[in-house]
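Have the model open as you read.

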Amino acid sequence: MLKPLEDHVIVEPIVQEEKTESGIYLPDTAHKDKPQTGKVIAVGSGRLTDDGKRIPSEVKAGDTVVFAKYSGSDVQLDGKDYIILKDSDILAIVVEEAKTKKLRNESSQR
């Protein structure tokens, strides 16, 4: 088990499909330099500011996130691949369609 420290996050990468829905195989260069997605496995305690306050991460275990391809450090533990990222290397959280519709409805009612 890996326990991230401070503002680090452990992500299990989601393998990108090498074939499109229509059956076309993509070359390796198609995925180069594109952001990747992964599932957050564990989150550290957060970033410590200069005045000693702790700022918790915006992500939590179980979130699916998008991160830049070459960010973080690759680690293998018990035959599984993980990436240890700084919280700031995470570009976005993937929001499910049902949650997105609910958020839109809440916003329009205000």
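Q: Which residue's side chain meets D63 in a salt bridge?
A: This model is predicted. D63 is buried, with a relative accessible area of 11%. In its salt bridge, N and O are 3.1 Å apart. The partner of D63 is K60.

Q: Is D7 buried or exposed?
A: D7 forms a salt bridge with K86, with the closest N and O atoms 3.2 Å apart. The pair links D7, in the segment before β1, to K86 in strand β7, 79 residues away. K86 is partly exposed, at 35% relative accessible area. D7 has a relative accessible area of 12%, and the cut-off for buried is under 20%, so D7 counts as buried.

Q: How many residues apart in sequence are the parts tied together by K80 and E12?
A: The two side chains meet in a salt bridge at 3.7 Å, N to O. K80 lies in strand β7 and E12 in strand β1, so the parts tied together are separated in sequence by 68 residues.

Q: Which strands stand at the edges of the open sheet?
A: Six strands form the sheet, in the order β6-β7-β1-β2-β5-β8, with antiparallel pairing. An edge strand has a single partner, so one side is left without a neighbour in the sheet. The edge strands are β6 (73-77) and β8 (90-93).

Note on methods. Residues numbered from 1 in each chain as written. Predicted model: local features only at pLDDT ≥ 70, side-chain atom pairs only at ≥ 80, totals over all residues. Heavy atoms only, no water. Pairing = 2+ DSSP bridges. Helix = DSSP H or I, 4+ residues; strand = E, 2+ residues; numbered from the N terminus. Salt bridge = Lys/Arg side-chain N within 4 Å of Asp/Glu carboxyl O. Buried < 20%, exposed > 50% of the residue type's maximum accessible area, 1.4 Å probe, protein only.
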